[in-house]
Amino acid sequence: MMKFLSDWLRPPKAKAAEPENQQEDQPEALPAPVSPEGVVDSRVCGFIDNVQSGWFQSASGELLKGFPIAPADVVLDVGCGEGAATLFAARCGAHVIFSDTDAVQVEQLSAKVAKSPARGYQALVGDTQPLPLADGSVSRIVAMEMLEHVDDPAQVLAELVRVGQPGALYLLTVPDPVGEGLQKQLAPPSHFQKPNHIHVFEREAFARLVTDAGLEIEHRHASGFFWSMWMCLYRADEAGAGGAGEATRDNIKPPHSPLLNEWANTWYQLISLPEGAKIKQLLDSVMPKSQAIIARKPDRR
């Protein structure tokens, strides 16, 4: 996934002068989902699905609708993984700080960010206990699909609140309990053991975790039916993902089984239809893969 995402998020090429009446800031073309062999790539289909859900809004500079990133921002991405959020923020020209316990991933992401239009960057290897950052030094904080992995989510969130400026925006996501409930019946026990998912957050419990940390919720969002269903089919098919073992959205590697390819093809056709968005929105609300909260640190000044 990160190869095409890195390409899509790379700095735009310089353009020749355009007529004054030509509209600017048009949304960039999304990657083609169909391979030369005629197979719809699950990763690309999933990315297009995410964009339709409001993620990675390149034209408006919003990582998720309601979470804008500007060049003046200092963006912290904890548990960055392969760095989708970091690369988006870097492309927006912000100063980016990214951390992960995986030193190899941090090193690889550093090489990509170094070639981006980021105003500056800082790479950190380690957990959040504590972060080597000053109080109130960050304006945008991102923690995507990481709180379910840590021993004490409240302690981690308190540390993220400490480094946020007054008025800082937070984008926090965790797996939705509906999808997790399905995986508990289908996945091997290791899926819910360290270093994987050791917490399942019910929706209201997740909201309380955020407000108990002193943040004010501005928006709640759920999406990812495509991935919830993909993971169920993956579990049902021993040949899924080429027999690569435990699968997540970050480590999905082709070739996929015919079952998974057909699902990606079906979903891509659906979301390409005029009425597809309405059906997608309904299914996302019923069985999302992830729940997201956009929250703000109160400005006490």
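Me: What percentage of the 301 residues in the protein chain do buried residues make up?
Reply: Buried means under 20% relative accessible area, exposed means over 50%, and partly exposed lies in between, with a 1.4 Å probe and protein chains only. Here, buried residues make up 50% of the 301. This is a predicted model, in which local features need pLDDT of at least 70 and side-chain atom pairs count only at pLDDT 80 or more, while totals for chains, interfaces and linings use all residues. Residues are numbered from 1 along each chain as its sequence is written, and side-chain values use heavy atoms, with hydrogens and water left out.

Me: In what order do the seven strands of the open sheet stand?
Reply: Two strands pair if DSSP finds at least two bridges between them. In this sheet the order is β6-β5-β4-β7-β8-β10-β9, with mixed pairing. β6 (120–125) and β9 (216–223) are at the edges and have a single partner strand each, so one side of each lacks a neighbour in the sheet. From one strand to the next, the twist averages 15°. Inside the sheet, β7 (residues 138–144) and β8 (residues 164–175) run parallel and are joined by six bridges. Val142 has Leu171 in β8 as its bridge partner.

Me: Which helix packs on the sheet, touching β5 and β6?
Reply: Contact means heavy atoms within 4.5 Å. Axes are lines fitted to C-alpha atoms, for helices over the stretch in contact, and angles run from 0 to 180 degrees between N-to-C directions. The helix is α4 (residues 103–114), and its direction makes about 175° with that of β6.

Me: Where is Ser116 found, and what does its side chain reach?
Reply: Ser116 is in the loop between α4 and β6. Its relative accessibility is 19%, so Ser116 counts as buried. A polar contact is a pair of N or O atoms within 3.5 Å; within protein, one must be able to donate a hydrogen and the other to accept it, and residues adjacent in sequence count only if both atoms are side-chain atoms. The Ser116 side chain reaches the backbone oxygen of Val113 at 2.7 Å. A polar atom of that side chain also lies 3.2 Å from the backbone nitrogen of Ala118.

Me: Is Phe201 buried or exposed?
Reply: Phe201 has a relative accessible area of 9% and is buried. Phe201 lies in the loop between α6 (177–186) and α7 (203–212). Leaving aside neighbours within four places in sequence, its contacts include Leu147, Pro153, Val174, Phe206 and Gln291. Val174 is 27 residues from Phe201 along the chain, and their C-alpha atoms are separated by 7.4 Å.

Me: How do the axes of α2 and α8 cross?
Reply: Two packed helices are described by the angle between their axes and the distance between the axes. The axes of α2 (residues 42–52) and α8 (residues 225–236) come within 9 Å and cross at roughly 150°. Angles under 35 degrees count as roughly parallel, over 145 as roughly antiparallel, 65 to 115 as roughly perpendicular and the rest as oblique. α2 and α8 are therefore roughly antiparallel to each other. Residues that meet there include Cys45 and Asp49 in α2, and Phe226 and Trp230 in α8.

Methods
Helix = DSSP H or I, 4+ residues; strand = E, 2+ residues; numbered from the N terminus.
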